Amino acid sequence: MQRMNHFCRLCFDRYLPHEPMDPAMALGPRARAVLFFRKLWVNGSTLRVRFLGGTEAQQRLALEQGRWWSEPANLRFVPSDATDAEIRVSFDPSDGAWSYIGTDCRSIPTDQPTMNLGFQDGGTSAHEFGHAIGLGHEHQNPQGGMQWNEPEVIRDLSGPPNSWTVAQIRNNVLTKYSTDQVRSTVFDADSIMLYAFPSRWTTNGVGTHSNEVLSAQDRAFIAAAYPKPNVPPAGPTQLTVNNGAVSAEIGAPGEEDLFQFTVSQPGRHVMETKGKTDVVMKLYGPDNPTLLIAEDDDAGVGLNPRIVRVLAAGAYLVQIRHYNSTAGTGPYTIQVTR
């Protein structure tokens with residue numbers, strides 16, 4: 001049965017406490033994909049990786065595989081001893097392999113890990129870093145066509161080495177993301193986000209094989225999710241509080257615009273867009289371009305986002321992203337008022 005243990009040793013996703021376990025619901029009423037759209041980091045971010053234990057070899061392997069995503073995702077991973085590092089990795093062999101999804105990592109207390117690599121078989125570390133930058137499981141792709149033999153799956157995963165509850169098994173294996181809540185490509189049998197499953201776990205006798213490197217589709221999909229930001233050479237477009245609206249335009253599906261403003265007088269501030277282009281807004285800061293403090297979709301007029309928040313003095317970054325790949329592109333305006 002050693003071979004079966006290999007098939008059964010899977011990772012599980014971790015969601016924030018306020019989010020339900022069902023993956024289709026965890027994505028939210030207007031979420032995206034096998035990719036968790038709302039949990040993406042700002043394009044071009046440098047993500048600090050702090051190791052909470054582990055041998056030098058374990059740490060080296062984790063960072064090496066994490067960096068497989070760097071070029072296609074336009075993200076950098078650097079080792080750091082900072083207590084508030086964006087990604088904090090433990091190596092507890094009794095806790096399996098798991099990661100929080102994307103920017104959820106910023107909501108975890110700094111004395112706790114955001115990822116655990118209890119085993120590092122094959123491309124496990126790369127798989128978990130895929131979760132850390134916003135990816136879900138490929139076998140839960142609604143276009144996947146996996147035909148599960150549920151009694152077999154539940155029987156195997158209920159026992160060691162996973163010993164999962166039925167709810168955990170459904171959450172991490174059996175339940176697919178809803179087609180009206182996700183953006184996904186055609187099922188990729190070679191994806192690093194797909195585990196090996198024995199053929200007897202399916203009713204049609206078609207299993208999956210072990211994938212230990214990023215597939216071509218992995219690289220293409222994450223590159224589309226993290227398109228190069230529309231940032232001028234001088235950096236993010238500058239906004240001035242109470243100085244009127246600035247015109248901008250989404251020129252391509254999935255595009256991202258970055259804006260920056262400085263708060264000199266702490267207090268209530270309003271950040272909003274206007275126009276017919278369906279966009280999503282994220283606010284980072286103060287003085288920290290990866291610290292997500294607020295986000296919104298449609299709280300403004302029509303399809304426009306609006307964030308109202310009491311802000312301390314400091315520099316803030318605003319990320320404006322296109323809602324999805326089907327809505328029309330076009331102009332919008334953005335302003336910050338106090």
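Which residues do ring pairs link into a cluster? In this predicted model, the residues that ring pairs join into a cluster are Trp148, Phe197 and Trp201.

**An aromatic pair: Phe77 and Phe129**
- The ring centres of Phe77 and Phe129 are 5.4 Å apart and the ring planes stand at 85°, so this pair is edge-to-face, because planes over 60 degrees apart count as such.
- Leaving aside neighbours within four places in sequence, Phe77 is in contact with several residues, including Leu47, Val49, Leu63, Trp69, Ile87, Phe129 and Ile133.

**A charge over a ring**
- Arg321 lies over the face of Tyr226, at 5.9 Å from the centre of the ring.

- In soluble globular proteins, nonpolar side chains tend to be buried together.
- The largest nonpolar core here has 32 residues, and those with the most contacts inside it are Trp69, Phe77, Ile87, Ile133 and Tyr226.
- At least two residues of this core come from each of several elements, among them β2 (46–52), α3 (56–66), α5 and α8 (216–225).
- Apart from this core lies another one, of 19 residues, which includes Phe261, Val279, Ile307 and Ile320.

Notes:
Residues numbered from 1 in each chain as written. Predicted model: local features only at pLDDT ≥ 70, side-chain atom pairs only at ≥ 80, totals over all residues. Heavy atoms only, no water. Phe/Tyr/Trp six-rings, centres within 6.5 Å; stacked < 30°, edge-to-face > 60°. Lys NZ or Arg CZ within 6 Å of the ring centre and 35° of its normal. Core = buried A, V, L, I, M, F, W, Y, C linked by side-chain atoms within 4.5 Å. Buried < 20%, exposed > 50% of the residue type's maximum accessible area, 1.4 Å probe, protein only. Helix = DSSP H or I, 4+ residues; strand = E, 2+ residues; numbered from the N terminus. Contact = heavy atoms within 4.5 Å.
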